[in-house]
Amino acid sequence: MTSDLAQYGLLLSLLLFAILAASEAMFPRRKRSLPRVKRWRTNILIILMDSAALRLVGPIAALAAASYAAQHHIGLFNWTDWPAWLEFTLALILFDLAIYGQHIATHKIPLLWALHKVHHADRDIDVTTAIRFHPVEIILSMLYKSALVLLLGPSLLAVFVFALILNLCAMFNHSNLRLPDWLDKRLRLFLVTPDMHRVHHSTVPGETDSNYGFSIALWDRIFDTYIPQPEAGHDDMVIGLKEYQTDGPAALWWSLALPFQKRYRPDKAKGYKRKSS
Ligand SMILES: [Zn+2]
């Protein structure tokens with residue numbers, strides 16, 4: 001049953017990927033700064049490497065953690081006797097909050113930022129950016145999610161549904177898709193929209209430090225990290241990292257090597273300085 005679900009999930013993800021890729025080509029929100037072929041070649045190679053990494057770690061991580069938690073009676077929901085629908089809903093909400101927290105940590109902790117910046121270096125943002133993560137970040141993230149599963153003890157179905165929602169939402173909110181203003185306005189009351197998440201990929205430090213949410217739009221509003229629109233507007237805002245407005249981010253080896261370069265986060269506006277001994 002789990003493998004059936006996983007197959008449907010993969011199919012649904014591929015379908016949404018194709019729909020968004022076609023839609024963003026037909027209704028682009030922004031003009032691209034680099035040719036798509038150049039970026040996509042690298043992003044898709046990174047995605048393939050990540051899938052390989054996930055193949056290895058994924059199954060032995062989150063889902064295994066859920067059945068381990070159930071068998072050994074650990075994790076919050078294995079101690080409570082609440083109705084299944086309530087535990088299911090709470091698991092989804094708590095997971096999403098934890099992912100919001102994880103995203104903030106990847107920006108604030110220099111070592112994690114070194115990895116996460118591979119995602120942010122992308123010079124344009126579209127549906128492939130959603131899955132452009134350094135393989136090491138993918139593995140760490142998988143371990144974090146497994147630890148969460150052990151803490152929460154959710155059902156296998158909740159783990160699966162959450163992974164699917166996160167995946168679909170990430171593809172949607174990274175897409176270069178133009179939505180009618182009225183739709184964006186209504187959607188972003190509860191769901192992170194492409195215009196909302198694009199602000200987070202701005203080179204302006206204050207804007208990068210906003211809109212951390214992936215699915216539920218509420219967290220940024222509650223924790224005061226919400227910026228509705230980029231100051232320069234969606235057409236003129238610069239996407240990526242200020243210090244890497246080069247061809248580098250569109251190259252595979254450059255992207256994979258980025259975390260191991262010496263400088264962590266050179267923008268002085270953040271007040272971050274490397275320790276000088
Ligand atoms: Zn980020």
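Gly 9 is buried, with a relative accessible area of 6%; buried means under 20% relative accessible area, exposed over 50%, and partly exposed in between, with a 1.4 Å probe and protein chains only. Gly 9 sits in helix α1. Helices (H or I, at least four residues) and strands (E, at least two) are DSSP runs, numbered from the N terminus. Leaving aside residues up to four places away in sequence, Gly 9 touches Phe 160 and Leu 164, where contact means heavy atoms within 4.5 Å. Gly 9 and Asn 167 are 158 residues apart in sequence, yet their C-alpha atoms are 9.5 Å apart in space.

This is a predicted model, in which local features need pLDDT of at least 70 and side-chain atom pairs count only at pLDDT 80 or more, while totals for chains, interfaces and linings use all residues. Residues are numbered from 1 along each chain as its sequence is written, and side-chain values use heavy atoms, with hydrogens and water left out.

The next topic is the metal site. The zinc ion has as its protein donors the NE2 atoms of His 103, His 107, His 116, His 120 and His 200, which lie 2.1 to 2.2 Å from the ion. Donors are N, O and S atoms within 2.8 Å of the metal (3.2 Å for Na, K and Ca); water is not among the atoms, so sites may look incomplete. Along the chain, the zinc donors follow the spacing H-x3-H-x8-H-x3-H-x79-H. His 103 belongs to helix α5 (residues 84-108) and His 120 to helix α6 (residues 110-120), so this pair ties together parts that are 17 residues apart in sequence. Both His 103 and His 120 are buried.

Helix α6 itself is mostly covered, as 8 of its 11 residues are buried. Among them are Trp 113, Leu 115, His 116, Val 118 and His 120. The buried residues of α6 pack against α5, α7, α8 (156-174), α11 (205-208) and α13 (252-257).

What follows concerns charged pairs. The whole structure holds 8 salt bridges, a salt bridge being a side-chain nitrogen of Lys or Arg within 4 Å of a carboxyl oxygen of Asp or Glu. One of them joins the side chains of Asp 126 and Arg 32, with an N to O distance of 3.2 Å. Asp 126 is in the loop between α6 and α7 (135-152), and Arg 32 is in the loop between α1 (2-26) and α2 (36-57), so the pair ties together parts that are 94 residues apart in sequence. Asp 126 is buried at a relative accessible area of 0%, whereas Arg 32 is partly exposed at 28%.

Another salt bridge pairs Arg 39 with Asp 122, and their closest N and O atoms are 2.8 Å apart. Arg 39 is in helix α2 and Asp 122 in the loop between α6 and α7, so that distant parts of the chain, 83 residues apart, are linked. Arg 39 and Asp 122 are both buried.

Arg 198 forms a salt bridge with Asp 195, with the closest N and O atoms 2.7 Å apart. These residues are 3 apart in helix α10 (residues 194-198), a separation of about one helical turn. An α-helix has 3.6 residues a turn, so residues three or four places apart point the same way. Arg 198 counts as buried at 1% relative accessibility, and Asp 195 is buried at 6%. Elsewhere, salt bridges that share partners join Arg 32, Arg 39, Asp 122 and Asp 126 into one network.
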